[in-house]
There are 2 protein chains.
Amino acid sequence: MKLYAVILCGGRGERFWPRSRRGMPKQFIKLFGDESLTRRTSERIDSLCPAKRKVFVAPAEFANVIRDRSGKVGKFLFEPQGRNTGPAIGYAAAYLAAIEPDATMVVLPADHLIERRREFLSSVRLAARLAQKGLLVTFGIPPSRPDTGYGYIQTGEKIAGRGRLTAHQVLGFHEKPNLAKARRYLKAGNYLWNSGMFVWRVDTILEGFGKFMPGFHRMLLRFKKAVGTRHEDSVLKAMYEHAPVISIDYAVMEKAENIAAVRATFDWDDVGSWLALARHSRHDKNSNVLKGLCLTKDAKNCIVDSDEGIIAVLGVKDLVIVRSGDAVLVAHQDKVAEIKELLKQARRVPAAKRFL
Amino acid sequence: MKLYAVILCGGRGERFWPRSRRGMPKQFIKLFGDESLTRRTSERIDSLCPAKRKVFVAPAEFANVIRDRSGKVGKFLFEPQGRNTGPAIGYAAAYLAAIEPDATMVVLPADHLIERRREFLSSVRLAARLAQKGLLVTFGIPPSRPDTGYGYIQTGEKIAGRGRLTAHQVLGFHEKPNLAKARRYLKAGNYLWNSGMFVWRVDTILEGFGKFMPGFHRMLLRFKKAVGTRHEDSVLKAMYEHAPVISIDYAVMEKAENIAAVRATFDWDDVGSWLALARHSRHDKNSNVLKGLCLTKDAKNCIVDSDEGIIAVLGVKDLVIVRSGDAVLVAHQDKVAEIKELLKQARRVPAAKRFL
């Protein structure tokens, strides 16, 4: 089996402002430890996919950043525009089909955090075996809370695996639920978070595009033929100009029949906001997470992240306080999801633009 | 009458960290508008005391800072050590006695904020007239709230003035009261905040030192004789080595009989904490005071002060947020008085010392 890792490096990660900026989104910054999320994602799959079988799909504007931050190099596929995961995955599949028609691809978003590597690799191996049967395999995460921020996969009968590591039929995809529904899903036990990680053969996914997005599929085939020719760039550009903005879930997964879900046994965090830092960092005795030089007095349950200088925190609780270069964020933890709106508002303030 | 302004520039102003630092205390920084408090204090008295009749008493370590920040120059008297207001005022009185035995001195702390200059000058004129009679004249501020952070002056019969501007006998000085006492003082009407501003003839105050601090008085006379000679510096140094650490209130005012109080008609703020910034600045519609480039969303009643870059504030209330160069402070407004203790704690952290 020729297993290729396709690492998706799109997305702006605005919710990590001011550490992430327009020119440096979250997947490229060193949020946790000494390596970027992209590099950690890349290294996590090393033992199955060496550098020559790694493909990074990234916005063209980050070409320099990603060359710097992705660890052992692989192939870089630069997208002329961001078009969500559907076109990004189609682009990678068409490219792989051109160079290796027999390839199986593991699709990994660059900005997920997974600590238990061994379990992760076992899950990928199981998924890759199933993919050989012509299945589109997705990874579902057993929910630990009734989270309303994820889509859910409803699973049915076990079709492979043993012990804790199993693969299942998929009975349906469900969009982000309200709290009551999320609680029912959690209680039912057979609903999993849709992680956005997939394994399939390139011919299988291309068939999927052919069935559910025939127009885009024609462009993919045209691009596949152009790979390695002098027309590659111009065909790519034309393809992206006409590509719809659509996720792979909407584009293919929710419509296809040949779907399976591996029930993940590894930990998983999609690092959606500053609160993720608290989930993966050591706390002091007052439940504060302190990165960089911080002084606290009567501070409780705060996340403080300073890249230089000093931050002093006095008599407050439940805050996120971040200083990154020329910008400081002070936010209540219940409001961090609104950073995006704050930045939208900031784009209308001429003096603020250069800090975004 | 030869009226001299004696501007006291001591004190560390730690409560304005991180804008104020060990090397740049609050009286020298531009907290309000474009000029330092020292410069504003100096310019406020310009029409009564031109530069040649101004004396700045300051810690020797701030010699360069004060030359830069005090506006039109005057005479600088540098203290070898900080010894509180008693020795500082004695030093200035002895110096003035040497160069102008007939001088009257207006003692003004450099870090007070007074906006109504005309009323201030009228009050000084009244006090200076009373000083010619051999009185030690203090300025009392009619209290606007039962503040427990000030000493109070209990006043008696009117002895001069008319209309709102009057001077009174002093029946007693009272230390910082508890809240119940402070409320009684406020209700009584004849208790005034002890402002720390004074007017007297140099011979009167030197007599006061002679009566209540005879040892220090002998040193003052020795220094007075040494002024202008090659011994001036060494005598000054010896005087400060032996000078007690004592406020002018404890040293003289609370013991003397020849005391009067002018009931101030001007506004007054001793700028004791970051909350003063809110009292003297424009608010936005959510009661936030914003200095520098600030973005807010769902922020209420916050004081935000940024000297560079940008501060974004999201979903919080009642905070003081200050960024000054390499340091950031985030404090609840109810806790700002504890900045001093936070800094004390910081002095034990080697990496933090250079930010204090």
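The model is predicted, and local features need pLDDT of at least 70, side-chain atom pairs count only at pLDDT 80 or more, and totals for chains, interfaces and linings use all residues. Residues are numbered from 1 along each chain as its sequence is written, while chains are lettered from A and ligands numbered from 1 in the order in which they are written.

Chain B can be laid on chain A with an RMSD of 0.1 Å by a turn of 180° and a shift of 0.1 Å along the axis, the superposition being by least squares on the C-alpha atoms of residues with pLDDT of at least 70 in both copies. The two copies are thus related as by a two-fold rotation axis.

Both chains contribute to an open sheet of six strands with mixed pairing, in the order E11(A)-E13(A)-E15(B)-E14(B)-E12(B)-E10(B). Strands are DSSP runs (E, at least two residues) numbered from the N terminus, and two strands pair if DSSP finds at least two bridges between them. Strand E11 (294–297) of chain A and strand E10 (289–291) of chain B stand at the edges, each with a single partner strand, so one side of each is left without a neighbour in the sheet. Strand E13 (residues 310–314) of chain A pairs with strand E15 (residues 327–332) of chain B in the parallel sense over five bridges. A:Ile310 has B:Ala327 in E15(B) as its bridge partner.

Technical notes. Helices (H or I, at least four residues) and strands (E, at least two) are DSSP runs, numbered from the N terminus.
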